[in-house]
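Me: Please take a close look at one part of this model, the place where the two chains meet, and give me one connected account.

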Amino acid sequence: MSFAQSTLRLDGCNVSLRRGGKGAPLLYLHGAGGAPVVLPFMEQLAERYDVLVPEHPGWGLSDEPEWLENIHDLAYFYLDFLRALDLKNAVLVGSSMGGWLALEMAVRDCSRIRSIVLVGPAGIAAPGVQPADIFLMSPEELTRNLFHDQSFAEKMLAQPITPEMVDIQLKNRHTVARLAWEPRLHDPFLPKWLHRIEVPVKIVWGAEDRILPAAFANEFKRLLPKAEVEIVPQCGHLPQTEKAEQFCDIVFRFAG
Amino acid sequence: MQVILFHLMPYAALDLESARKHGTVWVKLPNSHFDPEIGHRLYNRYLDEMEYGEELGFDAISVNEHHQTAYGLMPSPIVTASALARRTKRVKICILGSALPLRSHPLTVAEEYAMIDVITGGRLVAGFVRGIGAEYHTFGVNPTFSHERFHEAHDLIIRAWTEPGPFAFQGRHYNVQYVNVWPRPYQKPHPPVWIPSQGSRETIDWASHPSRRYPYLQTFSPAKVVARYLKMYRDTCKGYGYEAPDSQLGWAVPVYVAKSDEDARREAKPHFEAFRNVFVRMPIEMLLPPGYTSRESYKNVLKAKAEMFADITIDKAIELGLFVCGSPATVRRKFEEHWREMRFGNLLVLLQFGTLPGDLTRRNMELFAREVMPGLKKLGMPVEGAAVG
């Protein structure tokens with residue numbers, strides 16, 4: 001399945017968008033590391049869905065708008081995005097910070113959202129569980145900590161790094177800090193309004209997640225009692241990469 | 001030239017071996033390494049050293065702020081400055097400076113500085129800094145808002161000192177219905193503001209602006225880096241349409257003086273190397289969190305990373321001019337050479353560094369004050385008898 005790349009202008013911001021496949025719309029919301037390339041799981045999802053993979057404002061090839069100061073700004077932007085593209089009954093798939101973003105969107109307005117898949121989502125605090133301090137990790141440490149199966153990390157680390165990639169890494173890191181430095185990777189007021197999410201929610205978590213430990217899933221389950229939780233064994237922070245087939249099966253089974 | 005005694009108050013009793021194992025003495029070195037009884041002796045020793053600075057004829061004593069680190073035991077430089085306020089009579093007291101963005105309410109700085117200024121009858125120099133990168137990790141303050149918070153806190157403090165209160169302040173980070181600081185500062189219109197920095201274009205543009213003309217101090221950098229930034233400051237002033245007087249430029253540098261060059265190197269070696277290679281050290285991610293510097297500056301640091309983050313010997317540090325060390329004649333000559341090149345009107349000397357013990361610190365202070373300082377103070381002064389009639 002081939003993805004087309006385009007640039008979309010919305011809210012005064014140019015956003016890089018990759019889109020491929022046919023079917024109901026599926027909006028993939030990437031995490032802190034961005035979505036610089038089309039990954040195998042996106043191709044697989046595109047066999048059944050119209051998959052949209054934007055790079056968030058502040059990441060990758062997208063602009064860094066002045067209005068982007070917190071996660072709420074990004075949530076409103078994506079609600080505008082759903083409206084601007086007239087996406088209806090969209091499946092949201094949000095990984096890590098993208099999961100947090102999906103929740104912030106959904107507590108505000110679920111009218112264009114059919115269901116939500118959260119993959120190792122950030123967004124809440126959980127007693128006794130601490131996210132890893134991604135800001136104190138070197139790029140190599142961070143890459144290694146993303147995966148349980150280190151062959152994925154090795155492959156990523158073996159790629160040559162161009163100056164453009166360094167620029168994008170620094171840009172992404174800046175935006176992540178802007179939105180998630182403090183409170184670290186969560187919004188303390190979000191739990192108050194999670195009951196507003198009336199669409200089905202699936203939570204997928206790598207059992208060996210070293211960035212956001214899978215113990216966070218218990219707190220999510222408490223706050224979203226109707227959500228289904230699936231823990232993926234032998235898997236780190238990015239099940240969609242590390243266990244792509246299994247991950248896509250979970251999405252297909254859940255979202256239809 | 002004004003000569004200022006600068007002290008960091010490090011935890012000199014640090015177990016260097018285990019500090020090395022932790023990789024840094026910042027942020028995460030467990031505070032079980034701090035022994036309060038040793039701390040008690042160190043604080044009092046350091047305060048004695050600073051007070052002795054007045055007797056030795058320094059123009060000012062300078063303190064600064066660092067948090068959760070063995071590098072410096074002054075999380076509140078206000079406390080140190082307050083202790084000095086009543087024990088000294090003549091010297092200026094420089095707080096270089098308070099980390100404005102780390103404060104949740106900048107008016108507390110306006111108030112505390114004003115108190116010290118009034119108590120000392122106008123001997124305060126008010127330094128403002130952003131805090132170093134590591135402190136954004138320890139305090140959790142978002143580094144991507146660091147510049148914004150700094151500028152807004154600065155504006156609020158200056159207005160609180162100069163405009164009749166009460167007035168309302170509306171900002172993006174601070175909102176105050178009634179700004180009405182008691183006491184008002186002693187100095188008019190307010191205590192002089194100095195800006196210490198490790199070197200940044202943004203800071204230089206801001207400090208040198210004609211509406212501020214704040215003295216800029218380059219801290220702990222190789223001499224050629226100091227020269228580059230001081231020149232950048234002067235050039236920026238020229239771009240703004242004025243010539244910066246020497247008094248607007250300063251250099252902060254560790255110094256060690258002994259009888260001979262050989263003695264100086266031998267005595268200072270373990271203590272300076274502990275300072276440079278243990279106390280100062282931290283990984284780049286800790287030093288420069290996102291937004292703390294521009295991404296261009298970050299990339300420049302990345303390029304120089306191998307050199308900046310590796311251990312260096314005292315000999316290399318002396319060669320780089322990161323450390324000025326030697327006999328009185330050598331140290332005097334080096335500063336005269338540097339001064340001729342850079343024309344800084346303020347020299348801040350760090351005469352205790354790392355693990356340097358009390359006896360060597362005192363001897364260093366005495367030799368510097370008696371045999372080096374008098375000549376330096378005359379630099380930039382009009383030559384006697386040469387005054388135009």
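How many cavities of 30 Å³ or more does a search of the whole structure find? Please also say what lines the largest cavity, and describe the contact between chain A and chain B.

Reply: This is a predicted model, and every value below is computed from it. A search of the whole structure finds one cavity of 30 Å³ or more. The volume of the largest cavity is about 70 Å³. Its lining draws on both chains: A:Leu170, A:Arg173 and A:His174 from chain A, and B:Leu288, B:Pro289, B:Pro290, B:Gly291, B:Thr293, B:Ser294, B:Arg295 and B:Tyr298 from chain B. Two elements give two or more residues to this lining, namely helix 6 of chain A and helix 11 (295–303) of chain B. Helix 6 of chain A gives the most, with three residues. Sorted by class, the lining of the largest cavity consists of five nonpolar, four polar and two charged residues.

Next, the contact itself. Chain A contributes 18 residues to the contact and chain B contributes 20 residues. Between them the two chains bury about 1,700 Å², and 57% of that area is on carbon and sulfur atoms. On the side of chain A, the residues that lose the most area to chain B are A:Leu136, A:Arg178 and A:Trp181, which together account for 39% of what that side buries.

Residue pairs in polar contact between chain A and chain B number nine, counting pairs with both residues at pLDDT 80 or more. Helix 6 (residues 163–180) of chain A supplies the largest share of the side of chain A that touches chain B, eight residues. By class, that side of chain A divides into eight nonpolar, two polar and eight charged residues.

Some backbone details remain. In chain A, the loop between helix 6 and strand 7 (201–206) holds A:Pro183. The peptide bond from A:Glu182 to A:Pro183 is cis, with omega near -5°. A:Leu185 is found in the loop between helix 6 and strand 7 of chain A, and its phi is near 55°, a positive value in a residue other than glycine. Chain B has a cis peptide bond from B:Lys188 to B:Pro189, with omega near -5°. B:Pro189 is placed in the loop between strand 6 (175–179) and strand 7 (193–197) of chain B.

Key: Residues are numbered from 1 along each chain as its sequence is written. Chains are lettered from A and ligands numbered from 1 in the order in which they are written. This is a predicted model: local features need pLDDT of at least 70, side-chain atom pairs count only at pLDDT 80 or more; totals for chains, interfaces and linings use all residues. Side-chain values use heavy atoms; hydrogens and water are left out. Contact means heavy atoms within 4.5 Å. Buried area is the accessible area (1.4 Å probe) that two parts lose on being put together, summed over both. A polar contact is a pair of N or O atoms within 3.5 Å; within protein, one must be able to donate a hydrogen and the other to accept it, and residues adjacent in sequence count only if both atoms are side-chain atoms. Helices (H or I, at least four residues) and strands (E, at least two) are DSSP runs, numbered from the N terminus. Ala, Val, Leu, Ile, Met, Phe, Trp, Tyr, Cys and Pro count as nonpolar, Asp, Glu, Lys and Arg as charged, and the others, Gly among them, as polar. On a 1 Å grid over the protein atoms alone, a cavity is a set of points where a 1.4 Å probe fits but cannot get out, and a pocket is an open set with protein on both sides within 12 Å along at least five of seven lines; lining residues have an atom within 4 Å of a point. Grid points are joined across faces, edges and corners, and a volume is the space filled by probe spheres set on the points.
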